[in-house]
Each structure stands twice: as structure tokens, then as C-alpha cells.
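Biologist: I have some friendly questions about the words used for this structure. Could you set each value beside its definition for me?

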Amino acid sequence: MFNRDMAGPTRFEEYSEKYKDLFFMTRRDGILEVRMHTHGGPLQFDWMAQTAYGNVWSDVGRDPENEVMILTGTGDLWQIGNPEVWTTKFMDWPNSRKLDFYHESLRMIENMIYCIGIPTIGAINGTGSHWQLGTLCDITICAEGTEFFDAHYLGGVPPGDGIVLALQNILGTKKAAYYAYTGMNINAQAALDLGLVSAS
């Protein structure tokens, strides 16, 4: 016999509990707020968060009771990095982990774009890593002191992940290359002038 519970979407009560250590979720009148956090402060990005991103977008997008999603951070920073994730250089990772990382990175972006079919608002509350998630939303607003940058090249890693893809899509190839290769900051006003955000 066909089990509708197995085939149906995950309920809000289930996925909000499942991801509560990374994403604090509230919903009222169909408006879902997803607030990133680590222990009640700014989200400290690590590989667990990277894996969770792809999964949370899928669960949020499949819930028919979600009508609008607001994505934001906690405190004055969007996200903070965690240097411990790079204690082992990427080139020294086992090949199986490199492959997992590749697929997790794809799902982080792809599932946000293709799995969420409702209007989304990125409320970027401050400077931080992985800001491309906020700019991938339909409407993006940012706090006045927010600065956007791609630190990959300055850190010795070729730019080419979701940050540079977002820059290329929104700013165009030449401007994206300039900011990716120089690592220069884009302040809130410049982000508004460039079309990176809708309002600041």
C-alpha cells in the first residue's frame, strides 16, 4: 500500500528541529525566517554547515506551507570563518572526501536556486563569509556597515566557488574578476550601485 507520509514533504516541526543547531527557524502566516547561528551567535562556518545547507534548502522548498523565506544571520556578522577546517590542506584530503566536498558545494548553491520555488529575501546583517547565499535570494538587503569580498585568491586558493559565480552572474565577468582577484571590499553603497543588493 502507498505510504503518503514517506513520499510527502518533511514537516516544519521536523526539519526546524533537525537543523536547530545551525538554523533557527520561525514561521508565521507562511513567512519562514531562517536565522543562521552557532550557539546563539554568528554562524561559524564548517563542513557540517556546508553539508546542512544543501539539505535544508531541499526541506524548506518541499514544504507547501512556506510562502516566503527570509534568510539572515545573528548579531552583527553574517557568518564567521573557522580556521580549523583547513588544518589539513585540501590537496592532502582523501579522494573520497574531495568528491563529497564537491557534491556538497554544488548542493549548497543548486538546491537554493532550484529547490526553493517561493520568493526569498536575503537580509544580510553584516560582513561575513558565504554572503553569496544572501545575494542569491530574489531580494537582498544589507546592513549599512556590510562589506562584501572574496578572500580566496588572497588566501592562495583560486576563486571559483559560489562567491565568484554570484559575482559573475550579477556584476558580469570583468567586474567579477576584478573583485575576485584583488580581494577588494565592496561596501554597502557600492554593492547597491553595482546591483549586488536591492537596498541597504
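Modeller: Here is our talk, beginning with the ground rules.

Modeller: This is a predicted model, in which local features need pLDDT of at least 70 and side-chain atom pairs count only at pLDDT 80 or more, while totals for chains, interfaces and linings use all residues. Residues are numbered from 1 along each chain as its sequence is written, and side-chain values use heavy atoms, leaving out hydrogens and water.

Biologist: Where is Gly156 placed?

Modeller: Gly156 sits in the loop between β8 (147–148) and α6 (162–171). Helices here are DSSP runs of H or I with at least four residues, and strands are runs of E with at least two, numbered from the N terminus. Ser105, by contrast, belongs to helix α4 (residues 95–114). Gly156 and Ser105 are 51 residues apart in sequence and 19 Å apart in space, C-alpha to C-alpha.

Biologist: What makes the link between Gln79 and Tyr53 a polar contact?

Modeller: A polar contact is a pair of N or O atoms within 3.5 Å; within protein, one must be able to donate a hydrogen and the other to accept it, and residues adjacent in sequence count only if both atoms are side-chain atoms. The side chains of Gln79 and Tyr53 are joined at 2.4 Å. Glu104 and Thr51 also have a polar contact between their side chains, at 3.2 Å.

Biologist: Which residues does Glu104 touch?

Modeller: Contact means heavy atoms within 4.5 Å. Leaving aside residues up to four places away in sequence, Glu104 touches Gln50, Thr51 and Arg97.

Biologist: How do you know what span to expect of α3?

Modeller: The expected span of a helix is 1.5 Å times one less than its number of residues. With 16 residues, α3 is expected to span 22 Å, and its first and last C-alpha atoms are 24 Å apart, which is close to that.

Biologist: Where is the kink in α3 centred?

Modeller: The bend at a residue is the angle between axes fitted to the seven residues ending there and the seven starting there. In α3 the kink is about 30°, centred on Tyr53. Tyr53 is also one of the buried residues of α3.

Biologist: Now the sheet: which strands form it, and in what order?

Modeller: Five strands form an open sheet in the order β1-β2-β4-β6-β7, with mixed pairing. Each of β1 (23–28) and β7 (139–142) stands at an edge with a single partner strand, so one side of each has no neighbour in the sheet.

Biologist: What makes β4 and β6 a pair?

Modeller: Two strands pair if DSSP finds at least two bridges between them. Four bridges join β4 (residues 68–72) to β6 (residues 120–124), and these strands run parallel. Four bridges also join β6 to β7, again running parallel.

Definitions and conventions:
Buried means under 20% relative accessible area, exposed over 50%, partly exposed in between (1.4 Å probe, protein chains only).
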